[in-house]
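I opened this notebook to record what I looked up on helix geometry and charged pairs. The structure comes first, then the entries.

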Amino acid sequence: VHTAHYYTGMVDEKMQRGYVVLEDLSDCMQGDAELGCSPTQLMEIAGALGTLHATFWGLSTVQTVDSPLQSWRPTAMSCSQRTAKYARFLGRHGHLLTTEQRTLVTQLEAELQPALERLLRQPETLIHCDFHLENMVFKGPMETIPIILDWQTVARGPGVVDVARGLVECMPTEMRRAEQSRIITRYTDTL
């Protein structure tokens, strides 16, 4: 997995400032969530993500410099809070939705908690937690080799958290639907 090479850094707690010196990435292409990426780039991202997750797959602890890495947890919201939130949403915006869309909101309410519980029972690995194109640059002659940036939210958790966000946010819906089976296969083949 390619990351920016770290040379040095410093934090001045009194001034609440710091700096980090990384390798020069000026010859790389910045990822752009609005534009999306090519299927080739996404296949490379899936391979890099699979390699990252495979390296730490099933580990119950990952040690950082100062302390064990925290486990990922979805936003803490009780079922009753979520139910109230969905009801408020439908009360305010339900008239703008089709019958099918209102049904989907209701189904989401019923299925979200069990899905989160299943997700939390999955094996843990090192996850990025903010895995999208704005946190990547691409290098190489065809600008297909991803370099993953912005690691401050890293945690232990189910690898599918990064995979799902990457699939949803790295390419337009139509392309994702056409390519997702190949991309998931690439990811799982590298685990």
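I find a kink of about 40° at Glu111 in H3, shortly before the proline Pro114; the bend at a residue is the angle between axes fitted to the seven residues ending there and the seven starting there. The model is predicted, with local features requiring pLDDT of at least 70 and side-chain atom pairs pLDDT 80 or more, while totals for chains, interfaces and linings use all residues. I number residues from 1 along each chain as its sequence is written, and side-chain values use heavy atoms, without hydrogens and water.

I took helices (H or I, at least four residues) and strands (E, at least two) as DSSP runs, numbered from the N terminus. H3 covers residues 99–120 and reaches 32 Å from its first C-alpha to its last, close to the 32 Å expected (1.5 Å times one less than its number of residues). I noted Val105, Leu116 and Leu119 as buried in H3 (buried is under 20% relative accessible area, exposed over 50%, partly exposed in between; 1.4 Å probe, protein chains only).

Arg156 is in strand E8 and Glu124 in the loop between H3 and strand E5, 32 residues apart. I recorded Arg156 as buried at 13% and Glu124 as buried at 18%.

I also looked up Asp130 and Arg165, whose side chains meet in a salt bridge at 2.9 Å, N to O. Asp130 lies in the loop between E5 and strand E6 and Arg165 in helix H4, so the pair ties together parts 35 residues apart in sequence. Salt bridges with shared partners join Asp130, Arg165 and Glu169 into one network.

Definitions and conventions. A salt bridge is a side-chain nitrogen of Lys or Arg within 4 Å of a carboxyl oxygen of Asp or Glu.
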